[in-house]
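Hi everyone, thanks for coming. Please have the sequence and the structure open while I talk, and stop me whenever you like.

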Amino acid sequence: MAPNDSDSVFSLVTADPGLPQPNPTQSYWQHIPHALADVQSSKLPTDRDFAIIGSGITGLSVARTLLERHPTATVTVLEARALCSGATGRNGGQMAANAGEQYMNLAEAHGAETAGKIVDFTFRNLQKMQELIEEYDAVELSEMQRLRKLRVFLTQGKFDDFKKSIARLERDHPSRKGLYTILDADAVLKEYGIHGASGGGLLPAGTVWPYRLVTKVFEALLEKYPGRLTIETHTPVEAVEHISTPTSPATSIYPYTLRTSRGPLRARTVVHCTNGHSGHLLPHLRGLVYPFKGTMTVQDPQNAVSNQGTSVSWGFHYPPSYDPETQRLGYGLYYLGQSAKTGYFYFGGEHARFDESVTADDSFVADHSVKDLEVALPQFFGKNDRSSWRLISSWSGIMGCTSDGLPMVGQLSPALTGREGDGEWIATAFNGYGMANSLLSGEALALMILGEDVSDWLPDAYGLGEKRLQDTLTVLKAVNALRSKL
């Protein structure tokens with residue numbers, strides 16, 4: 001792709017993401033499948049109160065909240081592939097927020113009050129994640145660690161931007177003073193053994209084996225609500241139709257028909273939790289939400305560095321870089337966690353061509369993206385000879401992104417669905433920070449569906465109001481945001 005060809009960027013951003021690929025790369029998190037991985041009813045149920053499309057942390061949160069807050073609701077979760085095989089089952093295992101680092105931009109775009117609300121929401125979401133893990137006795141199973149994340153800034157410019165952002169956060173919201181600890185380059189090297197830094201910042205965070213958490217909670221929900229919850233894996237939803245006629249009680253009560261590979265399912269309400277694939281069933285969202293493919297690895301340092309998996313995880317920030325010769329773009333961030341049990345590093349980052357990145361195809365992982373991760377990781381620890389390090393696993397996963405970098409949570413209008421009816425809802429596009437947004441976004445969406453007011457804690461900037469759709473959440477802004485990286 002020519003680097004200045006805006007038509008090519010437009011085509012990638014607005015393309016139909018399609019259904020999830022039937023043959024995805026093997027995520028390390030799923031290398032031992034859960035007993036429910038391929039669960040489905042002997043016959044597809046129908047006439048359901050709620051049909052939830054997607055079985056990651058967002059879909060789980062919606063289902064759990066609906067079942068707990070509505071005494072009779074029937075819920076069916078539909079998944080195109082195996083249970084939790086999308087973004088949640090393919091991510092970096094990081095429970096970390098980025099709203100503080102982005103606070104300056106958020107405040108300039110939305111004002112200090114909304115920006116502060118986003119910071120509070122993401123940190124509260126992480127706390128709720130940890131509480132969920134403890135509630136379901138999944139701390140050991142999911143290898144959850146409460147720790148601090150060390151954000152490492154590889155250039156002085158990036159470090160200066162970070163310090164300015166945190167200074168404004170603390171000025172606008174004095175109660176948040178001390179949430180972040182600033183470290184100079186010497187401290188990053190001497191205290192944490194990280195080479196090449198211009199500075200760093202510490203913040204509360206955690207790590208988790210996400211697939212094990214989601215599958216355990218789904219298992220518990222099936223046991224608790226056996227007559228009200230079904231999970232239908234390997235049941236891709238191929239189309240959503242709205243049919244309501246006054247002469248047909250069935251269609252007036254269950255006006256939506258979901259066409260699946262196993263037949264039709266009628267539902268009262270449809271909830272889209274499909275992240276980077278949202279545009280497939282919702283063509284009017286193409287370009288407003290677009291898929292972005294990330295690369296993950298598991299690497300064994302073979303005791304070349306000490307195990308810090310109980311105390312710290314890492315993020316490495318650098319200015320986006322573009323190589324005209326290879327047409328590969330470094331997107332500005334590496335993310336790293338370490339298993340406290342094995343010492344394995346879970347290391348990810350995006351270094352690929354545009355057409356390899358702005359895609360919903362996780363059936364392959366680019367060799368050069370994996371090689372970049374293999375070369376980069378040892379160097380951060382001052383190990384230029386990586387001959388003894390072992391690549392355990394590599395895979396790709398699909399994130400959902402928006403032009404303004406914020407999730408979309410709310411009711412879908414007919415203008416966005418292209419269908420009559422007001423019974424479609426969505427929580428999607430977490431821009432690489434699903435672990436800091438998904439759980440509470442799913443809970444908020446479910447409560448909104450049930451008629452409850454969540455405006456005091458769900459950031460209004462996540463909503464689908466006309467102002468956002470006209471000003472910041474547009475195809476043109478998505479194209480320009482991506483092209484600006486070149």
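Let me begin with a question: by about how much of a helical turn are R168 and D172 separated in helix α5? The two residues sit four apart in α5, which spans residues 156-172, so about one helical turn separates R168 from D172. Before I go further, please keep in mind that this is a predicted model.

Those two side chains meet in a salt bridge, with 3.2 Å from N to O. As for accessibility, D172 comes out as partly exposed, because its relative accessible area is 26%.

Let me stay with charged pairs for a while. Side chains of opposite charge can pair when their charged atoms come close. The count for this model is 27 salt bridges, and I have picked a few to show you.

Next on my list is E135 with R64. Their closest N and O atoms are 2.8 Å apart, and the two form a salt bridge. Where do E135 and R64 lie? E135 belongs to helix α4, residues 112-135, while R64 belongs to helix α2, residues 57-69, so the pair ties together parts that are 71 residues apart in sequence.

Is E135 buried or exposed? E135 is exposed, at a relative accessible area of 51%. R64, on the other hand, counts as buried, because its relative accessibility is 16% and the cut-off is under 20%. There is also a network of salt bridges here, and it links R64, E68 and E135.

One more pair, please: R386 and E374. Their side chains meet in a salt bridge at 3.0 Å, N to O. This pair links distant parts of the chain, with R386 in the loop between α11 (367-380) and β16 (390-402), and E374 in helix α11, twelve residues apart. R386 is partly exposed, with a relative accessible area of 22%, whereas E374 is buried at 11%.

Now let me return to α2 and look at its helix packing. Two packed helices are described by the angle between their axes and the distance between the axes. For α2 and helix α7, residues 210-224, the angle is about 25° and the axes are 10 Å apart. Because angles under 35 degrees count as roughly parallel, α2 is roughly parallel to α7. The crossing of α2 past α7 is left-handed.

Which residues of α2 meet α7? They are I57, G59, L60 and R64, and on the α7 side they meet V214, V217, F218 and L221.

Why can we call β14 largely enclosed by the rest of the structure? Ten of its eleven residues are buried, so the rest of the structure largely encloses the strand.

Let us go through its partners in turn. Strand β12, residues 312-317, runs antiparallel to β14, and four bridges join the two. Here G315 stands opposite Y335 of β14.

Strand β13, residues 321-323, also pairs with β14 in the antiparallel sense, over three bridges. If you find S321, its bridge partner in β14 is G330. These two strands form a hairpin with four residues between them, and in that hairpin Q327 takes a positive phi near 60°.

Then comes strand β15, residues 345-353, which pairs with β14 in the antiparallel sense over eight bridges. Y335 turns up again, and its bridge partner in β15 is G348. The hairpin of β14 and β15 has six residues between the strands, and G343 there takes a positive phi near 85°.

Strand β2, residues 75-78, runs parallel to β7, and the two are joined by four bridges. V75 stands opposite L229 in this pair.

You will find E101 in the loop between β3 (94-95) and α3 (103-110). Is E101 buried or exposed? It is buried, with a relative accessible area of 13%. Leaving aside residues up to four places away in sequence, E101 touches R151, F162, S165, I166, Y180 and L203.

That is my tour, and I am happy to go back to any part of it.

Note on methods. Residues numbered from 1 in each chain as written. Predicted model: local features only at pLDDT ≥ 70, side-chain atom pairs only at ≥ 80, totals over all residues. Heavy atoms only, no water. Buried < 20%, exposed > 50% of the residue type's maximum accessible area, 1.4 Å probe, protein only. Contact = heavy atoms within 4.5 Å. Pairing = 2+ DSSP bridges. Salt bridge = Lys/Arg side-chain N within 4 Å of Asp/Glu carboxyl O. Axes fitted to C-alpha atoms, helices over the stretch in contact; angles between N-to-C directions. Parallel < 35°, antiparallel > 145°, perpendicular 65-115°, else oblique. Left-handed = near helix turned anticlockwise from the far one by under 90°.
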